[in-house]
Amino acid sequence: MFGELEYPDVDIFYEGKLIKSRKGQTVAAALLANNVKKLGVSRKLNQSRGVYCNDGRCHSCYVTINGEEHIRACSTLIESGMEIMSCRNDPNVRSS
Ligand code: FES
């Protein structure tokens, strides 16, 4: 009656590996669907960071996309061929 909604597959890369996602997903949704939960570490305490508010407010989901750092994964829609890296190379993270 309503037909099927079709969301085409989109190929994106995380840490150099091809992962599958669907058109219309945010980067955070695509990563979570592929079981990627840790997106970086906190600067002060070196604790794991990932999707928290999923609303663009907490800055916990920063990733690097196509070389541009500190992009919110929860507020960014995927695009074909996107290269996503975790935010682990932050120079301001304390070394323990
Ligand atoms: S999860 Fe809070 S800003 Fe993205």
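1. The model is predicted: local features need pLDDT of at least 70, side-chain atom pairs count only at pLDDT 80 or more, and totals for chains, interfaces and linings use all residues. Residues are numbered from 1 along each chain as its sequence is written, and side-chain values use heavy atoms, with hydrogens and water left out.

2. Strand E1 covers residues 9-14; strands (E, at least two residues) are DSSP runs, numbered from the N terminus. Its side chains alternate. Val10, Ile12 and Tyr14 point to one face and are buried (under 20% relative accessible area, 1.4 Å probe, protein chains only).

3. E1 pairs with strand E2 (residues 17-22) in the antiparallel sense over 6 bridges; two strands pair if DSSP finds at least two bridges between them. Phenylalanine 13 stands opposite leucine 18 in E2, and tyrosine 14 stands opposite lysine 17 in E2. The two strands form a hairpin with 2 residues between them, and glutamate 15 in the turn has a positive phi of about 55 degrees.

4. With strand E7 (residues 83-85), E1 pairs in the parallel sense over 2 bridges. Here tyrosine 14 stands opposite isoleucine 84.

5. The open sheet has 5 strands in the order E2-E1-E7-E5-E6, and its pairing is mixed. E2 and strand E6 (68-72) stand at the edges with a single partner strand each, so one side of each is left without a neighbour in the sheet. From one strand to the next, the twist averages 40 degrees (axes are lines fitted to C-alpha atoms, and angles run from 0 to 180 degrees between N-to-C directions).

Methods
Buried means under 20% relative accessible area, exposed over 50%, partly exposed in between (1.4 Å probe, protein chains only). Helices (H or I, at least four residues) and strands (E, at least two) are DSSP runs, numbered from the N terminus.
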